[in-house]
Amino acid sequence: MTRHLALARACRTLALTELAAAAWLLVNHEWLLGILVAWAAPSLLAADTICRCAHHRARAQAQRAARLEAGEQVQPLTPCCPFWKPSDGPVHGPGCTRPPLPRLDTYRLDDAGRAAFDEIVRYNDRSAA
């Protein structure tokens, strides 16, 4: 359990406790006090939602990192451009932020072109490391 989930559970527990206390106060005709107690519950529920989203994001990042360490090909957690999500990844838009992929059609290159391409790949591998 991450600290985000623990905080989310605490916020939800406090919000539900406040709502129960507000209901009890309203039933016992303590109108003003009941309204004041219930007033803080929505902000606690909003904090619960934010913390749960942060927990899910942290868990997804940890799972993605583990899969990358295992050598699997995984998609990024955040889309690189607007066209990525509806096309499931193969289509990218003009403002795409992903790094360019190496050419797959190197079989068309002549010897000089293949040597230049190999040099570019080696340079990119050195600069990435």
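## Model and confidence

Because the model is predicted, local features need pLDDT of at least 70 and side-chain atom pairs count only at pLDDT 80 or more, while totals for chains, interfaces and linings use all residues. Residues are numbered from 1 along each chain as its sequence is written, and side-chain values use heavy atoms, with hydrogens and water left out.

The predictor's confidence in each residue is called pLDDT and runs from 0 to 100; its mean over the protein chain is 80, and 71% of the residues reach 70 or more. Confidence is highest in helix 1, at a mean of 93, and lowest in helix 4 (residues 111-128), at 76. Where pLDDT is low, the predicted coordinates should not be read in detail.

Helices here are DSSP runs (H or I, at least four residues), numbered from the N terminus. The expected span of a helix is 1.5 Å times one less than its number of residues. For helix 1 (residues 3-27), which has 25 residues, this gives 36 Å, in agreement with the 36 Å between its end C-alpha atoms.

A residue is called buried under 20% relative accessible area, exposed over 50%, and partly exposed in between (1.4 Å probe, protein chains only). In helix 1 the buried residues are L5, A8, C11, A15, A22 and L25, and what covers them includes helix 2 (31-39) and helix 3 (41-69). In helix 3 the buried residues are A41, L44, D48, C51 and H55, which pack against helix 1 and helix 2.

A41 lies in helix 3 and counts as buried, at 1% relative accessibility. Leaving aside neighbours within four places in sequence, A41 is in contact (heavy atoms within 4.5 Å) with A15, E18 and L19. Although A41 and E18 are 23 residues apart in sequence, their C-alpha atoms are 6.4 Å apart in space.

On the surface, L16, L19 and L45 form a nonpolar patch with about 240 Å² of accessible area together. L45 belongs to helix 3 and is partly exposed, with a relative accessible area of 33%.

## Salt bridges

A salt bridge is a side-chain nitrogen of Lys or Arg within 4 Å of a carboxyl oxygen of Asp or Glu, and a search of the whole structure finds 3 of them. One joins the side chains of D48 and R12, at 2.8 Å from N to O. Since D48 lies in helix 3 and R12 in helix 1, the pair ties together parts that are 36 residues apart in sequence. D48 is buried, at 2% relative accessibility, whereas R12 is partly exposed, at 36%.

D48 also forms a salt bridge with R52, with the closest N and O atoms 3.0 Å apart; these two residues of helix 3 are 4 residues apart, or about one helical turn. Elsewhere, the side chains of E119 and R122 meet in a salt bridge of 3.0 Å, N to O, and both residues lie in helix 4.

Key:
Patch = residues over 30% accessible without salt bridge, like charges linked within 9 Å, V, L, I, M, F, W, Y side chains within 5 Å. Areas by Shrake-Rupley, 256 points an atom, 1.4 Å probe, with all protein chains shown as cover.
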